[in-house]
Amino acid sequence: RFVEMELGGPRCAGLVLLLLLISCGQGRGADPINIWPMPKSVTSGKQTLLLSNDFVLNTQGSKYPDSSGILKDGFSRFLQVLRASHVADSNSSYSSAHFPVCKGLHVVILSPNDKLQYGVDESYKLSVTALGAVYAYLEANTVYGALHGLQTFSQLCHFNFKARVFEVRQAPWTIIDQPRFSYRGLLIDTSRHYQPLIMIKNVIDSMAYTKLNVLHWHIVDTQSFPLEIPSYPKLWNGAYSTSERYTMADAAEIVRHDHFLLTRGINVLAEIDVPGHTQSWGIGYPSLWPSTDCQQPLDVSNEFTFKVIDGILSDFSKVFNYSFVHLGGDEVNTKTAFRLKKKGLNESEAYQYFVLRSQEIALSHGYDIVNWEETFNNFGSKLSRKTVVHNWIGSGVAERVVAAGLRCIVSNQDKWYLDHLDTTWQEFYMNEPLTNITNPKQQELVIGGEVCMWGEHIDGSDIEQTIWPRAAAAAERLWTPYDKLAKDPRRVTGRLAHFRCLLNERGVPAAPLNGPGRVAPEEPGSCYKQ
Amino acid sequence: MLLPLSLLTLSLSSLFLFTFSRPLSQGFSNSTINLDDSLVYLWPLPSHFTFGDDTLSVDPDLSLSLAGVGGNSPILTEAFQRYLKIIFKHNSRVSGDNLRGGLIYDIGELKITVNSDDETLQLGVDEGYSLSIARTDGYSVIGKAQIEANSVYGALRGLETFSQLCYFNYESKTVEVYKAPWYIRDEPRFAYRGLLLDTSRHYLPIDVIKQIIDSMSFAKLNVLHWHIIDEESFPLEVPMYPNLWNGAYTKLERYTVGDAHDIVNYAKLRGINVMAEVDVPGHAESWGHGYPDLWPSSSCREPLDVSKNFTFDVVSGILTEMRKIFPFELFHLGGDEVNTDCWSSTPHVEQWLQDQNMTTKDAYQYFVLRAQEIAISKNWTPVNWEETFNTFSSNLNPLTVVHNWWGPGVCPKAVAKGFRCIYSNQGVWYLDHLDVPWEDVYNAEPIEGINDISKQELVLGGEVCMWGETADASDIQQTIWPRAAAAAERLWSRKEATAAINHTLVTLPRLQYFRCLLARRGVPAAPVTNRYARNPPRGAGSCYEQ
């Protein structure tokens, strides 16, 4: 009705055509809906409305008290992100005369609970009508669904260079959205290189833009032990240097105190990788080494080893409050170690003994366990039924894991290891976690997937461009319903390029799409074409 | 009160012989990295300083007290808030625990005195400052850090130095200053310390430009040379000629006048000037997308059509609009790499040349000089790339600042003729040359080949250039850093302090330290020792060794 009134006569029909031409020109022939990851259901129109310069948050009727400020923070970050892209010094004579004005966002959250946990309801509905002076409307069951809705809304807002305000084109919008998988992860590795706190926060911010929801923090490895463990205060002597460390307060700030992750709806999966990948532990406590010249895996014969693991997990449980802890268990070379005779175990039995005993310790601290796939491959039937098996070596593992009734996270290295620079974004996009799993009960056991940013050649200088845009390709695979995913990645090139440029605009150094990971642009040109 | 000079006489040997009681890496095994306690981890190195062997703790509630006629400046209070975030970036207060158990911190207050309330940011503004950090002297209860400067911009430099002396002690969870007491008196060697950004070959989002401005202030660089436009794209709005930015790559890759103001203000708050460039008559093809008359012909599109008055109307219009945005006294008019073939091959231009009795070279000179006059009429000092000097030096306006880029030996010629000069020798200071290692950047010398002191003073300084052919938002910062920092110390620190020492033993670890400092402030500076710039670290290891 509004359309007919405003744009009724033949002259105005010409205006409609003009507006269409302009928007086509900006789309440059790409997918006209530039939202990443693609929501479950989207309808859009052809109208434009302008965002008021004092765009407000309205929570009338919401059941969520927001006493911890999660929604308020999310909303003010939304405004900051928009305003950092261009100065909105509105040309008021132009603006309100031409288009309806959107005064704010009305957010209604149905649940008062804001516990961020595995499987939390992340769904939302967003509608932006163009009828009169209005509020956009966002409804969600939890505040975390609302945060995703805000991210989607931010991607609908564009700077209007004529009116000098932000606008929503293609209104009215109706979006109904929810993730396909509950676990959508990104691994960072702070052992091979220390990542300054601010870099970790930058990565978390950009994860939220693409609706990833688990930061898998591979804290410790052979090379360095950067985290403070109050129960065993010499462990972080294994850091590279005095200043390449994280205090427990730093970890807590990321996870909890500052609500940093809460306000982005992201969980931290902390990992201590045992019994291999642990040489750095022994710098502070040499008795954890089998001997000074044979320094990993951890000494399975020494009770002190398990005391230390218990101490670490006890300290973890005070800070890392996700349902899961990752216990590693990969690439254990037992040839180098083990005084086993007194326990009457052979080497592979000792490996199993170590992993299972560590699992028991984690369970006693209230955690469910994630272990790398070698543990399943070697003694899958012995693993705790609460184990989530983390695939990495290759394809076909998830099938066997879910057939055995265990849960699984997919990270097959040939497609989802970000340190493999020759894996293109197209391959990241096409990697399907449910390949060859047809039984719906078994499909449910695949809780999601994760892209892994191993740190051998990654420090603060190159982590973000190695992660993005390829991690975003995987993020859509993990979020968007299977039927809405492109069967041919060429169909999403324009939309992903648009998202990569959006990341750049927000200060995230996402690399060009044309070429392998972390490639420099080949020549001068538009961001949207590179 | 400025500190007495006698206190500040720098003994170079003290730089290397000093030992102090509190090793930074106490209790660590041999397999971890030890900072060399004999080095001064300040970048760029101050001109005069002394230090002791005391350790002082800094109150996480550090207060600011302002004095002097210029002390009451929002530039300072904003900067103090920024630096608090940098200095106290680790959470030193866990769930309400008072980790100091009621102890009083040694440094509770930072006092900043600014002696002038003139906040004009111009070339040669006084950036000097003195900084002292000392334990209480018995007359007051709480120790102080004090900065005194003649301008707010000097005070900003002092704040940066202060922040570099604050370390987080991971054991005590407090911020500490080592090797106190510190007495520093510092000032830059050159007034012009620039970095060029090119937003024509790739559009740089505003947030990215601001990140770069922040990082420049950490290295005490003070001029952002904004090469806004080139043949590939014209991203800036010019209200008088509203079709010019039709030459942008896309509608989304543009800067409004408001955006440009925002950048200039953001830079000013950090003591950084923005020098805008309009490169004429070459490198201007993108202008013609909005106004095809500016092309000699649609098939031969640059240099700009010298035969039309319209061309100069547009140049004048652009400069009029830019004058409202860019208050810096220097304005860059380019003038490099002008291939005049289009002029001689386009009939109406060729006819005009004949009518004017000009060769194409004459026309090049005519164009540059006419553009200079326009700039000067707007109270700007013109800067031109060296080709203009190399081709018709005797006719250049004597106000001209010659911007060297081709190679060594140009500034000596320019200053010999009385021109001022900016040094950007591409063999060492072009950051897009990825094969130039940090040592070559560091060892470049702007006054090389100039012996006469009065002529040396005509070298305003130097600039590292980040041309944008293969640099966009994804890789620009790691291409700039850490090599731009090497040039920044060359331009700031006294020549004697940065020459004739063993760079591998003394300078390299300091630069590695500064690179890690940048990383900790969120700047993706690349490893120092890589053979090629912006390459990833070669393997696992400490930031301080890569």
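Strand S1 (residues 41-43) of chain A runs antiparallel to strand S8 of chain A, and three bridges join them. This is a predicted model, in which local features need pLDDT of at least 70, side-chain atom pairs count only at pLDDT 80 or more, and totals for chains, interfaces and linings use all residues. Residues are numbered from 1 along each chain as its sequence is written, chains are lettered from A in the order in which they are written, and side-chain values use heavy atoms, leaving out hydrogens and water.

**Strand S8 of chain A**
- Strands are DSSP runs of E, at least two residues, and helices are runs of H or I, at least four, numbered from the N terminus.
- Strands pair if DSSP finds at least two bridges between them.
- Strand S4 (residues 124-128) of chain A is also antiparallel to S8(A), with five bridges.
- A:Ile175 in S8(A) stands opposite A:Val42 and opposite A:Leu126.
- The covered face of S8 (residues 173-177) holds A:Trp173, A:Ile175 and A:Asp177.
- A:Thr174 and A:Ile176 form the uncovered face.

**A:Phe161**
- A:Phe161 sits in the loop between strands S6 (157-160) and S7 (165-171) of chain A.
- A:Phe161 counts as buried because its relative accessibility is 8% (buried is under 20% relative accessible area, exposed over 50%, partly exposed in between, with a 1.4 Å probe and protein chains only).
- Not counting residues up to four places away in sequence, A:Phe161 touches residues including A:His86, B:Trp245 and B:Leu252 (contact means heavy atoms within 4.5 Å).

**B:Arg270**
- B:Arg270 lies in the loop between helix H6 (257-268) and strand S11 (273-277) of chain B.
- B:Arg270 is buried, because its relative accessible area is 7%.
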